[in-house]
Amino acid sequence: MSVHDDLTTTQRCLDDLSRSVGRLEQQLGSTGLEMRRVRTDADHLRESVALLRAAASQPGSSRGPELVTIPDTPYDDSLWIDTDDEGLGARGRHAP
């Protein structure tokens with residue numbers, strides 16, 4: 001199956017979910033926290049699939065994220081001037 005086919009199948013399932021949630025809202029009412037949460041979650045899923053569909057339709061989207069090479073050489077010590085050591089405070093200063 002292609003990505004397009006998988007997205008179409010997912011969209012179809014989300015449409016079914018949305019219809020089912022609508023029927024539940026009619027039976028249980030839409031004022032309860034649980035029902036609002038289910039409706040919101042279903043809407044978020046629809047938005048996420050729409051974003052996936054848009055990302056999949058862009059050229060070059062099949063590539064993974066761009067990797068950044070981090071050198072093994074030590075950092076320049078001047079980067080750490082006037083910084084706090086986590087949990088220890090600033091260098092040269094004493095606790096009150």
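Of the 96 residues of the chain, 9% count as buried, where buried means under 20% relative accessible area, exposed over 50% and partly exposed in between (1.4 Å probe, protein chains only). The model is predicted, so local features need pLDDT of at least 70 and side-chain atom pairs count only at pLDDT 80 or more, whereas totals for chains, interfaces and linings use all residues. Residues are numbered from 1 along each chain as its sequence is written, and side-chain values use heavy atoms, with hydrogens and water left out.

**Exercise 1. State which pattern the chain follows along the sequence.**

Step 1. The chain contains two helices and two strands; helices (H or I, at least four residues) and strands (E, at least two) are DSSP runs, numbered from the N terminus.

Step 2. Read along the sequence, the pattern is α-α-β-β.

Step 3. Among contacts in the chain with a separation of 6 or more, 51% are accounted for by residues 24 or more positions apart; contact means heavy atoms within 4.5 Å.

**Exercise 2. Describe how the axes of H1 and H2 are arranged.**

Step 1. Two packed helices are described by the angle between their axes and the distance between the axes.

Step 2. The axes of H1 (residues 3–28) and H2 (residues 33–57) come within 10 Å and cross at roughly 160°. Axes are lines fitted to C-alpha atoms, for helices over the stretch in contact, and angles run from 0 to 180 degrees between N-to-C directions.

Step 3. H1 is therefore roughly antiparallel to H2, a term for angles over 145 degrees.

Step 4. The crossing of H1 and H2 is left-handed, that is, the near helix is turned anticlockwise from the far one by less than a right angle.

Step 5. The residues of the contact of H1 with H2 divide into 13 nonpolar (Ala, Val, Leu, Ile, Met, Phe, Trp, Tyr, Cys and Pro), five charged (Asp, Glu, Lys and Arg) and six polar (the others, Gly among them).

**Exercise 3. Determine whether Arg-39 is buried or exposed, and what Arg-39 touches.**

Step 1. Arg-39 lies in helix H2 and counts as buried because its relative accessibility is 18%.

Step 2. Not counting residues up to four places away in sequence, Arg-39 touches Ser-18, Val-21, Gly-22 and Glu-25.

Step 3. The side chains of Arg-39 and Glu-25 are joined by a polar contact of 3.1 Å. Such a contact is a pair of N or O atoms within 3.5 Å; within protein, one must be able to donate a hydrogen and the other to accept it, and residues adjacent in sequence count only if both atoms are side-chain atoms.

Note on methods. Parallel < 35°, antiparallel > 145°, perpendicular 65-115°, else oblique.
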